[in-house]
Amino acid sequence: KQTLLPLLREETSSFIFPCNPALQRPELQHMVLELLRCIPLLLFLLFVCGLDHFIFSILSIIQHHSFIEYSYQTSHHLSVNVMGTSLMAQLLRTTIGALNTSFDTEVETSNLACLPQPTGMTRQQYLNTCLPLGLLALLCLAQVYPFRLRRAIAAFYFPKREKTRVLFLYNKLLRQRKNFLHLQRGRVARQARQPPGLRMSLLLWCRQRWPWLRRCLRRRCILCGTPETPRHQPCPNLGCSALYCESCW
């Protein structure tokens, strides 16, 4: 409840507000870890796509530069002429004349059937391959919003446990504030013992010499660092230039 324990500026960054649509610091840490787990999958996908393109390039080079075509032509003519008009000559013409042959052979062949026939992946296929990884990255970004419902679901089913958790958180914040004030008080005391630097001295001198420069040369809260506003309180001790915002004061 804001009226029970208003959060300081330093405490706000460590809590998750379910109604705030922006990603908050605790959620960003968890989201970054989930995205880092996607990096091995991305590297593996890039390796597989690169290997596929490399193998396709090699097979394509083999296909275009290893093509060989053979052309074989031959001609055969056999003719036996038997001269004369005798009976023996006529007998030879009828028997040996059957051996007369004539044929031409032309054969063309190639090693096209033995060559690889690679088919490269299209841009759409590459896109379909990377689409699941893109959806996984989007789920890592969007999962922070369903995770905010976990506390509400647990509080609905276990109301007594929820009260115990709220009380524990309240006491934890009180202890942290007590330790925070103790540490900051010591830090401010050590800073006050040190002489002001040249930059701080020049800034104070300019603010005193030209009051109209105060809008440009605004100081900051010594604890949380918020820029100076009319609600900021200066330290009442003489010689102390410390400035505090309303919550820190």
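Predicted model: local features only at pLDDT ≥ 70, side-chain atom pairs only at ≥ 80, totals over all residues.

Biologist: How many helices and strands does the protein chain have, and what makes a run of residues count as one?

Modeller: The protein chain has eight helices and four strands. Helices are DSSP runs of H or I with at least four residues, strands are DSSP runs of E with at least two, and both are numbered from the N terminus. In order from the N terminus, the elements read α-α-β-α-β-α-α-α-α-α-β-β.

Biologist: Why is Gln24 called buried?

Modeller: Buried means under 20% relative accessible area, exposed means over 50%, and partly exposed lies in between, with a 1.4 Å probe and protein chains only. Gln24 has a relative accessible area of 8%, and therefore it is buried. Gln24 lies in the loop between helix 1 (9–12) and helix 2. Leaving aside neighbours within four places in sequence, Gln24 is in contact (heavy atoms within 4.5 Å) with Phe15, Ile16, Phe17 and Arg148.

Biologist: What makes Pro230 exposed?

Modeller: The relative accessibility of Pro230 is 87%, so Pro230 counts as exposed. Its place is in the loop between helix 8 (198–209) and strand 3 (233–234). Pro230 and Cys245 are 15 residues apart in sequence, and their C-alpha atoms are 9.3 Å apart in space.

Biologist: Why is Gln63 called partly exposed?

Modeller: Gln63 has a relative accessible area of 21%, so the description is partly exposed. Gln63 belongs to helix 2. Not counting residues up to four places away in sequence, Gln63 touches Leu115, Pro116, Gln117 and Pro118. The C-alpha atoms of Gln63 and Leu112 are separated by 8.4 Å, although these residues are 49 residues apart along the chain.

Biologist: How do you know that Leu5 is buried, and which residues does it contact?

Modeller: Leu5 has a relative accessible area of 13%, and therefore it is buried. Leu5 lies in the segment before helix 1. Apart from neighbours within four places in sequence, Leu5 is in contact with Tyr170, Leu173, Leu174 and Arg177. Leu5 and Leu173 are 168 residues apart in sequence and 9.0 Å apart in space, C-alpha to C-alpha.

Biologist: How do you know that the span of helix 2 agrees with expectation?

Modeller: The expected span of a helix is 1.5 Å times one less than its number of residues. The 41 residues of helix 2 should span 60 Å, and its end C-alpha atoms are 59 Å apart, so the span agrees. The buried residues of helix 2 are Glu27, Met31, Glu34, Cys38, Leu45, Cys49 and Ser60. These buried residues pack against helix 4 and helix 5.

Biologist: What is the angle between helix 2 and helix 4, and what is such a pair called?

Modeller: The axes of helix 2 (residues 25–65) and helix 4 (residues 123–142) come within 9 Å and cross at roughly 175°. That makes helix 2 roughly antiparallel to helix 4. Axes are lines fitted to C-alpha atoms, for helices over the stretch in contact, and angles run from 0 to 180 degrees between N-to-C directions. Angles under 35 degrees count as roughly parallel, over 145 as roughly antiparallel, 65 to 115 as roughly perpendicular and the rest as oblique.

Biologist: Why is helix 6 called oblique to helix 7?

Modeller: The axes of helix 6 (residues 149–157) and helix 7 (residues 159–193) come within 5 Å and cross at roughly 120°. Helix 6 is therefore oblique to helix 7. In this contact, Arg151, Ala155, Phe156 and Tyr157 of helix 6 meet Pro159, Glu162 and Arg165 of helix 7.

Biologist: Where does helix 4 have a kink?

Modeller: A kink of about 35° lies at Cys130 in helix 4, shortly before the proline Pro132. The bend at a residue is the angle between axes fitted to the seven residues ending there and the seven starting there.

Key. Residues numbered from 1 in each chain as written. Heavy atoms only, no water.
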